[in-house]
Amino acid sequence: MAEEVRFFLRGLVYLVPITVVYWLVSKEPAGTALLVALVVGFVAVIGLVLLHASSAAAELRPRSGGIAGRLLGAVNRAIGFHERVDAPPPLEGGPDLIPTGSPWPLITAASIVVAGLGLIFGTWLLLPGLALLAWALLGWLTQLDRA
Amino acid sequence: MTAAQGDVRGRGGAGHVAREPEGVVSWLTTTDHKKVGVLYMVTAFLFFLVAGAFSILMRAELAAPGLQLMDLGTYNELFTMHGTAMIFFFATPMVVGLANYFVPLQLGAADVAFPRLNAFTYWLFLFSALIVFGGFFVAAGAAAFGWYGYPPLSTATYSPGLGADLWVMGLLLSGVASILGAVNLLATIFAMRAPGLTMFRLPLFTWNILVTSVLMLFTFPVIGAALAMLFIDRNLGGSFFTAEGDPLVYQHLFWFFGHPEVYIIALPFFGIVSEIVPVFSRKPLFGYKAFVFATVLIGAYSFSVWAHHMFTTGAIAALFFTITSFLIAIPTGVKFFGWIATMWRGRIWLATPMLHCLGMMGMFLIGGITGVFLASAPIDYALHDTYYVVAHMHYVLFGTGVFAMFAGVFYWFPKMTGRMLDERLGAIQFWLVFIGFNLTFFPMHQLGIDGMPRRVGDYLAATGWTDLNFVSTAGTAVIALGVVIFLYNFVTSLSHGPLAGDDPWGGHTLEWATSSPPPHHNFARLPPITSDRPVLDERLALGPRQGGEPIQPPASRSQEGRRRRG
């Protein structure tokens with residue numbers, strides 16, 4: 001279903017013009033850069049969803065008819081409020097699998113914190129932190145590999 | 001999707017349930033979204049208690065002129081850590097905890113999309129918070145520059161202590177946890193919905209979490225960048241925010257995160273209220289799509305209002321931010337009208353979840369109206385950095401965060417534990433917190449108008465601020481009493497509360513279709529989903545003789561009176 005894409009397209013309907021207006025009225029670079037980055041982020045998410053959901057892309061594509069009709073139809077499909085109730089979700093998460101418990105999330109978080117503290121206290125803490133992080137990531141990933 | 005050995009298939013309970021470790025180990029190694037959610041909620045509530053204790057100390061200090069309990073440096077540490085803890089370690093993780101527990105249940109899913117990542121984000125959040133609080137145990141004390149961390153005050157020149165570095169690093173790592181948590185929730189909502197659960201059938205709590213996740217995804221990197229630059233300035237000789245750089249850029253970055261953060265906190269609690277009001281009004285929600293679009297609009301608008309916190313810098317386009325800030329009142333008003341229309345001519349059941357929702361509506365309304373005043377640049381110039389702003393932000397954040405949190409806890413406690421909280425104690429607690437809250441924060445409006453600046457540990461008797469400050473301090477004690485009663489209620493109800501059954505309130509959404517507490521795989525079966533209230537649909541289809549009728553609320557006096565008259 002394309003509603004997930006429309007969700008971000010509707011966001012762009014507000015964010016693109018407000019970015020332009022902000023730049024025109026303020027000429028302030030920091031805020032404008034942040035708004036532009038936000039627009040790029042929204043576009044990137046839309047791209048990611050479309051990449052994984054051909055059904056959504058097909059639903060949003062322009063269809064046959066006159067120029068005005070095609071344009072209105074495209075706008076309606078892009079940001080309209082009607083959702084097809086029979087369409088599949090755009091992202092297939094696969095079957096619901098429940099992993100068993102794992103110590104690696106805790107160990108990985110702890111190692112990142114040790115490494116982060118190492119940036120404050122010095123390399124005597126940073127290096128063990130990075131070593132611990134490497135071990136934790138290895139443990140996490142090899143646990144996945146056994147599946 | 002790859003998963004580890006021993007994985008089980010959820011949704012319908014097909015497959016075997018793997019043997020889970022027990023006791024403390026099970027909590028340390030859990031990847032079950034429900035347990036991770038509980039860990040988040042309990043930890044966040046503990047930080048709420050700690051930050052609340054700081055506020056009691058601050059209010060005790062301000063009860064009378066002169067220094068009673070602490071020096072001004074300690075006061076600075078307390079208000080900094082109070083704000084930091086309440087925003088980053090209570091309100092935000094409480095939202096994530098509630099989302100962790102209930103979003104998969106509301107989607108009819110067996111877990112979140114990335115369960116191990118989910119557990120990782122919890123531990124990273126916990127350790128980050130401990131790093132920040134570790135500042136109290138270093139020689140120079142904790143960070144003491146306010147929860148904004150504005151440079152140049154937060155640079156190494158003016159805040160040279162180790163506590164400031166711990167604050168920066170802790171918040172940076174906590175931000176990483178928030179970003180990953182947002183990705184996980186977005187993936188869960190987009191990819192793990194039960195068959196038939198289209199986007200416009202999502203429960204409103206989940207819709208609000210979706211918008212909140214988008215806000216988190218796009219704003220936490222900004223504060224992360226700001227904190228990283230501040231860290232470089234402090235420790236590696238950088239000059240992003242020093243005299244050679246531009247301290248004002250930090251304010252832009254901070255508030256580009258900071259204002260959406262208000263909605264990161266508020267929206268999920270709006271979602272809770274939108275779940276509870278229809279159930280306790282015995283009516284479907286009025287204007288489902290209007291609620292959804294109001295939520296999306298609030299999220300979009302929140303990206304364009306950041307600099308209304310910076311009016312007094314004189315370096316921003318004031319009219320632009322005044323107009324965009326006013327705009328947010330429109331979708332917020334839509335929500336209020338929707339709640340009122342839902343209650344209108346409903347059979348309102350004033351149980352504790354509903355009481356807290358009504359409290360939230362009233363308090364947030366006051367906070368919203370004072371917010372409109374502050375969004376007007378000329379008024380903001382007069383009131384900036386006074387106690388009026390403190391009053392406004394507490395009516396917004398405490399009004400939504402705390403009242404709606406209690407509403408959610410009373411509403412979902414039976415689902416999480418299988419037992420009911422005590423309604424009588426709940427009502428007493430509500431009134432104590434409600435009265436205490438207004439005693440504490442309402443006088444601050446007048447204090448602000450009278451010119452009392454925020455973040456001061458002392459004032460002169462000649463200012464005339466003593467009486468209102470004393471009332472405010474007394475109110476804090478009343479809130480504390482209410483919270484103590486809640487804790488007593490919570491602890492005793494865990495073991496001695498009446499059994500709840502699967503659906504004690506007559507809920508509408510999928511979490512009420514499973515047992516209380518839910519099994520490891522969440523659902524033995526799912527009802528057909530043809531609307532945003534599948535459980536209500538099924539109950540109505542079954543009818544009263546087949547156990548389909550919800551528990552009837554006790555008739556209120558007015559209803560009894562109407563019946564006698566009619």
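In chain B, B:Pro152 is situated in the loop that runs between helix H4 (115-133) and helix H5 (162-191); helices (H or I, at least four residues) and strands (E, at least two) are DSSP runs numbered from the N terminus. The model is a predicted one, in which local features need pLDDT of at least 70 and side-chain atom pairs count only at pLDDT 80 or more, whereas totals for chains, interfaces and linings use all residues. Residues are numbered from 1 along each chain as its sequence is written, chains are lettered from A and ligands numbered from 1 in the order in which they are written, and side-chain values use heavy atoms, with hydrogens and water left out.

The peptide bond joining B:Pro151 and B:Pro152 is cis, with omega at about 10 degrees. A cis peptide bond also joins B:Ser516 and B:Pro517, where omega is about -10 degrees. B:Pro517 belongs to the loop between helix H15 (466-496) and helix H16 (534-542) of chain B.

Positive phi values occur at two arginines of chain B. B:Arg282, although not a glycine, has a phi of about 55 degrees, and its place is the loop between helix H7 (247-281) and helix H8 (288-302). With a relative accessibility of 19%, B:Arg282 counts as buried (under 20% relative accessible area; exposed is over 50% and partly exposed in between, with a 1.4 Å probe and protein chains only). For B:Arg455, likewise not a glycine, phi is near 60 degrees. B:Arg455 is found in the loop between helix H14 (423-449) and H15 of chain B and is partly exposed, its relative accessible area being 26%.

Chain A comprises six helices and one strand, arranged along the sequence in the pattern α-α-α-α-β-α-α. Of its 147 residues, 46% are buried. Among contacts (heavy atoms within 4.5 Å) between residues of chain A at least 6 apart in sequence, 63% join residues at least 24 apart. The chain exposes about 7,400 Å², of which carbon and sulfur atoms supply 75%; accessible areas come from the Shrake-Rupley method with a 1.4 Å probe.

Helix H5 of chain A (residues 104-121) contains 18 residues and reaches 25 Å from its first C-alpha to its last, close to the expected 26 Å (1.5 Å times one less than the number of residues). The buried residues of this helix include A:Trp104, A:Pro105, A:Leu106, A:Val113, A:Leu117 and A:Ile120. Just after H5 of chain A, A:Gly122 adopts a positive phi of about 125 degrees.
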